[in-house]
Amino acid sequence: MNSVSFDSLLIIGASKFTVQYLEKYFIDDKGIISERNLYYEQLPADFAGKAIAIVCDLNSIRNISTKGIVYAAALSSTAVYDASEGVNFNEETPVIENSEILKKEKLFSEVFSAVPNIILRLPELVIGTAMDNLGIELAQQIYKGTYMHIENADGHCSTIHASHIPEAILLCVNNDVTGTFNLTDGTNTPVKDLAEALSLRIGDKRIFTVSDKRARLIRIPGNILGIKGWSSKMYDFKKRNLTFSSEKLLSAINYRPTPVIDYIKTHNYDENSL
């Protein structure tokens with residue numbers, strides 16, 4: 001495999017949460033590009049360099065010009081799969097054919113058909129500072145004291161730390177890897193252990209354990225009053241085993257990201273940490 005040469009980065013449709021990790025990795029950590037070679041949404045009309053494009057919102061590419069782009073990566077979701085229970089679903093898992101996610105993936109492939117491109121399907125839980133997904137719901141409920149373990153619940157989920165996403169993208173670029181892949185931290189993460197790791201970072205908050213009967217009962221006020229830690233959604237999350245395998249990608253790029261639980265517990269957080 002040959003490395004794709006580039007001197008600029010184009011970020012399309014990213015939230016503040018995602019942007020901070022992409023900027024930090026490519027500019028601060030690796031020094032691959034300078035700030036003046038970082039672009040958002042569109043490359044300038046007179047652009048004469050070579051850019052990789054990272055598409056974080058697939059709604060944002062309908063009118064994109066691909067001139068100057070030498071490699072494109074899209075961040076998609078494992079929610080595209082027709083899977084609600086089970087472990088280690090891989091890229092051969094049937095997808096939801098009429099889903100908006102799949103339609104957007106197909107559009108991405110069409111728009112960037114002239115250049116090497118990759119689609120990375122991320123799990124629902126992307127962990128990191130200023131996260132804006134299910135992870136922030138977990139953290140907020142732990143902080144408020146409304147998140148509780150369920151006795152004998154043995155749910156597992158897939159996760160990835162946001163700092164590992166740009167690292168994986170660069171490895172794909174350097175190895176000219178193309179196609180559609182899952183990207184997780186490579187583990188089947190116990191929901192209970194993830195909650196305990198997050199609590200460690202939120203003032204070592206204590207998480208109480210309730211019986212399954214009590215957990216089922218408090219779903220009613222939880223749903224009515226909007227207490228997310230008691231909701232049916234959170235109850236199901238704690239009980240469900242739903243994980244995705246990223247072995248195909250991790251083997252292709254020879255990469256083993258730090259498991260999220262280990263990262264949360266061991267990372268030396270300071271004022272500049274993400």
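Predicted model: local features only at pLDDT ≥ 70, side-chain atom pairs only at ≥ 80, totals over all residues.
**Entry 1**

I started at helix H7, residues 219–225, and found Ile220 in it. Is Ile220 buried or exposed? Its relative accessibility is 53%, so I put Ile220 down as exposed, since the cut-off for that word is over 50%.

**Entry 2: the cysteines**

Next I went looking for disulfides, and my count came to zero. As a reminder to myself, a disulfide is a covalent bond joining the sulfur atoms of two cysteines. Cys56 takes part in no disulfide, and the nearest cysteine sulfur, that of Cys172, lies 14 Å away.

Cys172 has 1% relative accessibility and counts as buried. Cys56 is buried as well, with a relative accessible area of 18%; the limit I used is under 20%.

I moved on to strand S4, residues 69–77. How many of its nine residues are buried? I found seven, so S4 is largely enclosed by the rest of the structure.

Then I looked up the strands that S4 pairs with. Strand S3, residues 51–55, runs parallel to S4, and five bridges link the two. Within that pairing, Val55 has Ala74 of S4 as its bridge partner. Strand S6, residues 117–122, also pairs with S4 in the parallel sense, here over six bridges. On that side I found Ala73 opposite Ile118 of S6.

**Entry 3: a four-stranded sheet**

My last stop was an open sheet of four strands, in the order S5-S14-S9-S12, with mixed pairing. Which strands are at its edges? They are S5 (86–89) and S12 (189–190), each of which pairs on one side only.

I followed S12 to its neighbour. Strand S9, residues 156–157, is joined to S12 by two bridges, and the two run antiparallel. There I found another cysteine to write down: Cys157 stands opposite Thr189 of S12.

Technical notes. Residues numbered from 1 in each chain as written. Heavy atoms only, no water. Disulfide = S-S within 2.5 Å. Buried < 20%, exposed > 50% of the residue type's maximum accessible area, 1.4 Å probe, protein only. Pairing = 2+ DSSP bridges.
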